[in-house]
Amino acid sequence: MGSQPVNRERAGRITRNGTRTATRAHPVALAERLELNSSLDKPIRRLTQAIHKILPPGPLRNTLHGVQFGHPVHAPLTDLPIGAYCSVALLDLFPGTQRASRILLTAGLVSNVPTALTGLADWSSLHREQQRVGLGHALLMGATNLLFGASLLARTRGDHFAGRTLSLLGLTTMMAGSYLGGHLAFRQAVGANHSPPVTHLIPLGWHDLCALEELPDGWPVHRSLGYIDLFVLRLGDEVRVLSDTCSHLAGPLHQGRVTRVHDEICVVCPWHGSTFRVDDGSVVDGPATSRQPAFDTRISETGIVQIRPM
Ligand code: FES
């Protein structure tokens, strides 16, 4: 491969020993500094192991990831506590709104339970740099809930000045935590589909892929169609083809394990264990929530495997 241009904004400064450091005093540079902070790795490893122990792969974890919905559910759930807490801060500008504020604070704290659980489930299946930023996000959001919880207590006791002050502090940590949430989603592409549909990238009709003979039976291999990477699995005289890039975080599916789930042949991603049916690319187990693009296949009279997007 030729030398790649260096994205200086993303890369930061390269030190003598080759490690990368963030350079600017800018919010995004602070977030990048967090990405590079390896001192967080030990607690992250322990917390990840604990989450995986409490939440083994299965229906509950799939629900927390949002497999049944086809989208991650953590991000939309955050609207509930964030909306409630922002509304409290707005109501504090007007007299006679204490009861409404207490109701909103209670709603924010309660709705934070599923929000935090879905976030922890997603966080436990991320890359190292994403987990470091995610830990900062979780700590700030945890502090936000403590501050708004303390605000509710103060208001219930009748100390409205303390209640308003604690809400304002909570609003500050919430903004910082939300910024890191945005960094995770928009800079580090957490929750995005890393294997979008490919139909528009391929001319209509059938395309020659390779000779059936050159494919090992029952063993997935990598092939390319133009610049699209493909997972190719021969099953006797039939062939299954999916996009090779895992929709969760772009793991190489052809390096995954082929297995049977409920009598259907599936592939398990080698990076975080997402499981896809090889027939149509649909998700059996998360953390992935988006299906893999799948291809129709046929064998020509001359023994060539031909494919077209489903
Ligand atoms: S990249 Fe995470 S499960 Fe495939």
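Start by selecting N112: leaving aside its neighbours within four places in sequence, N112 is in contact with P81 and N145, where contact means heavy atoms within 4.5 Å. Before going on, please note that this is a predicted model, in which local features need pLDDT of at least 70 and side-chain atom pairs count only at pLDDT 80 or more, while totals for chains, interfaces and linings use all residues. Residues are numbered from 1 along each chain as its sequence is written, and side-chain values use heavy atoms, with hydrogens and water left out.

**Stop 1: around N112**

Colour residues 98-123 and you have helix 6, where N112 is found. Helices here are DSSP runs of H or I with at least four residues, strands are runs of E with at least two, and both are numbered from the N terminus. Is N112 buried or exposed? N112 counts as buried, because its relative accessibility is 18%; buried means under 20% relative accessible area, exposed over 50%, and partly exposed in between (1.4 Å probe, protein chains only). Now show side chains: those of N112 and N145 make a polar contact at 3.3 Å. Such a contact is a pair of N or O atoms within 3.5 Å; within protein, one must be able to donate a hydrogen and the other to accept it, and residues adjacent in sequence count only if both atoms are side-chain atoms.

**Stop 2: helix 5 against helix 7**

Next, select helix 5 (residues 74-91) and helix 7 (residues 128-156), which pack at an angle of about 35° with their axes 12 Å apart. Axes are lines fitted to C-alpha atoms, for helices over the stretch in contact, and angles run from 0 to 180 degrees between N-to-C directions. Which residues make the contact? Show H74, I82, Y85 and V88 on helix 5, then H137, M141, T144, N145, F148 and R155 on helix 7.

**Stop 3: T48**

Move to helix 3 (residues 41-54) and pick T48. T48 is buried, because its relative accessible area is 13%. Not counting residues up to four places away in sequence, T48 touches W123, S124 and Q131. Look also at the backbone oxygen of I44, which lies 2.7 Å from a polar atom of the T48 side chain. For a sense of distance, draw a line to H26: T48 and H26 are 22 residues apart in sequence and 29 Å apart in space, C-alpha to C-alpha.

**Stop 4**

Now switch to a cartoon view and find six strands in an open antiparallel sheet, in the order 3-12-11-6-5-4; two strands pair if DSSP finds at least two bridges between them. At the edges are strand 3 (207-211) and strand 4 (221-225), each pairing on one side only. Inside the sheet, strand 6 (residues 238-243) meets strand 11 (residues 294-299) over two antiparallel bridges, and V241 stands opposite F295 in strand 11. Strand 11 also pairs with strand 12 (residues 304-309), antiparallel and over five bridges; here R298 faces Q306 in strand 12. Four residues separate strands 11 and 12 in their hairpin, and G303 in the turn has a positive phi of about 85°.

**Stop 5: C269**

Finish in the loop between strand 8 (264-268) and strand 9 (275-277), where C269 is found. C269 is buried, with a relative accessible area of 5%. Not counting residues up to four places away in sequence, select what C269 touches: C246, G251, L253 and S274.
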